[in-house]
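These are my notebook entries on a structure that I had not examined before. I record what I looked up, entry by entry.

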Amino acid sequence: MKWKSRYTAVSIVFLIWLVSYLDRMVMSVAIPYIGMEFSLTPVEMGFVMSAFFAGYALCQIPGGILADKFGAQKVMMAGIFWWSIFTGVTGLVGSFTTMILARIVFGIGEGITPSGTWKTLATWTPVKERGFANSIMLSTNALGPAIAPLFVVAIMAALGWRYAFYLLVIPGLILCFLIWKFLPDNPADKKGITPEELQELQEGEQGLEQDTSSAAKMSFFQVVQYPAVWKSFCIMFFSNTACWGFMTWLPTFLVQGRGFNMSDMGIVASLPFFVGIVGALAGGKLIDGLFANNRRILVCVGELMAALFLYLTYSTADVTMMIVYQTAAGFFIFMCLICVMSLPLTAISKEITGRAMGIVNTAGQLAGFLAPITIGYLVQISGGGANSFDTAFMYLAGMAVMAALVSLTFTQKKKAA
């Protein structure tokens with residue numbers, strides 16, 4: 001198979017998301033031990049994990065506007081450089097307050113970046129390939145959390161939790177170089193790209209909900225009013241509440257709720273996310289293939305299955321079955337994440353992708369901000385013991401059910417290209 005320039009583009013955005021998830025998931029793995037060092041309550045631990053999302057959520061829409069106005073390349077480079085520096089700064093903090101501030105500022109850099117990656121996908125892939133390309137990129141939502149426990153536990157055991165943050169500065173700087181070298185905003189400016197591939201990149205654009213010329217003139221508020229955008233916003237909020245609540249609190253659940261030691265926690269906490277990689281890629285294939293003309297069904301079924309396994313995770317007393325159930329929950333959570341993000345990505349013009357995906361992703365990050373705090377509160381009012389996570393898991397399962405119900409309202413007007 002001949003390597004095409006768009007494969008390079010997809011590979012680079014894959015690496016961008018992988019490093020970003022490693023950077024943000026370090027905190028979820030380290031927080032039980034940071035909490036002990038700083039004497040934090042469960043609610044305070046929740047605030048530390050949520051602080052990132054305060055900056056991240058606020059910058060999703062500005063990032064989309066900047067990407068549409070100045071180009072994805074500049075915005076991605078600026079965002080990655082910013083977040084890499086403040087990843088290192090996180091390792092220097094010495095109190096609860098400075099930790100909160102560092103995480104908020106770190107989130108700002110990550111927040112302006114995602115819209116640029118989606119705009120890059122929309123520019124560098126034809127419509128018929130965007131669902132799977134999106135699933136490759138977003139499989140990092142599972143791969144990052146899968147690698148992070150192993151990576152962080154090894155470093156914490158040898159050097160302490162602070163060095164896990166210091167060492168992640170380097171990959172971000174490498175990414176800035178790759179974006180500058182290989183991801184121009186106009187594919188025609190890429191050295192070595194063929195006329196045949198440039199033509200392939202334009203295939204299917206006429207089948208979207210609006211033509212390119214009119215889409216380019218749309219205001220931000222017109223973008224918000226598109227049903228494909230605001231319905232995806234709602235689905236994403238509920239789906240990501242279940243996803244981020246599960247991701248951020250799973251290590252603490254294993255340590256405090258089930259009594260796992262550090263090394264065992266690192267292994268068991270990784271399993272749902274390694275399986276989630278398979279779920280993410282399977283979701284991308286299914287939503288571009290078997291469910292291409294009825295994507296909402298796959299989302300609905302996946303969310304209901306996620307809810308079922310979240311319920312079984314906390315309700316079983318058997319440790320082995322708990323590991324099986326949490327792993328299955330990870331498969332469906334990440335399958336759904338890919339499918340939800342593919343709904344608007346395959347229904348809108350690339351001219352408004354930055355703004356539209358910035359809006360949709362804002363919902364996911366609002367959920368990411370609220371979920372850790374809410375879980376921390378539910379754990380704290382439940383007494384903080386072995387059974388204190390039951391209510392929290394019920395909440396997460398309920399959010400997945402809500403995502404399933406709202407997904408049934410999503411109307412797909414056009415057949416997939």
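Before comparing helices, I note that axes are lines fitted to C-alpha atoms, for helices over the stretch in contact, with angles running from 0 to 180 degrees between N-to-C directions. Helices (H or I, at least four residues) and strands (E, at least two) are DSSP runs, numbered from the N terminus.

I record that this is a predicted model, in which local features need pLDDT of at least 70 and side-chain atom pairs count only at pLDDT 80 or more, while totals for chains, interfaces and linings use all residues. Residues are numbered from 1 along each chain as its sequence is written, and side-chain values use heavy atoms, with hydrogens and water left out.

**Entry 1: α1 and α2**

I looked up helix α1 (residues 5-38) and helix α2 (residues 42-58), whose axes come within 9 Å and cross at roughly 155 degrees. The two helices are therefore roughly antiparallel; angles over 145 degrees count as such, under 35 as roughly parallel, 65 to 115 as roughly perpendicular and the rest as oblique. Their crossing is right-handed, meaning that the near helix is turned clockwise from the far one by less than a right angle, anticlockwise being left-handed.

Which residues make the contact? From α1 I list Arg24, Met27, Ser28, Ile31, Pro32 and Gly35, and from α2 Met45, Val48, Met49, Phe52 and Tyr56. Contact means heavy atoms within 4.5 Å. These residues divide into 8 nonpolar, 2 polar and 1 charged. Here Ala, Val, Leu, Ile, Met, Phe, Trp, Tyr, Cys and Pro count as nonpolar, Asp, Glu, Lys and Arg as charged, and the others, Gly among them, as polar.

**Entry 2: α1 and α14**

I then turned to α1 and α14, which pack at an angle of about 30 degrees with their axes 8 Å apart. That makes α1 roughly parallel to α14. The crossing of α1 and α14 is right-handed. On the α1 side, the contact includes Tyr21, Arg24 and Met25, and on the α14 side Trp244, Met247 and Thr248 are among the residues involved. By class, I find 10 nonpolar, 3 polar and 1 charged residues in this contact.

**Entry 3: two residues of α14**

Phenylalanine 237 is found in helix α14 (residues 227-257). Is phenylalanine 237 buried, exposed or partly exposed? At 24% relative accessibility it counts as partly exposed; buried means under 20% relative accessible area, exposed over 50%, and partly exposed in between (1.4 Å probe, protein chains only). Leaving aside neighbours within four places in sequence, phenylalanine 237 touches Ala363, Leu366, Ala367 and Leu370.

Asparagine 240 also lies in α14, and is buried at 3% relative accessible area. With the neighbours within four places in sequence set aside, the contacts of asparagine 240 are Gly245, Leu337, Gly364, Gln365 and Ala367.

**Entry 4: isoleucine 333**

I located isoleucine 333 in helix α17 (residues 319-345), where isoleucine 333 is buried with a relative accessible area of 5%. Among the contacts of isoleucine 333 beyond four places in sequence are Ala242, Cys243 and Phe246.

**Entry 5: cysteines**

How many disulfides does a search of the whole structure find? It finds 0, a disulfide being a pair of cysteine sulfur atoms within 2.5 Å. The sulfur of cysteine 243 is 9.6 Å from the closest cysteine sulfur, that of cysteine 336, too far for a bond. For cysteine 336, the closest cysteine sulfur is in cysteine 339 at 6.3 Å, also too far for a bond. Cysteine 243 is buried at 2% relative accessible area, and cysteine 336 is buried at 0%.
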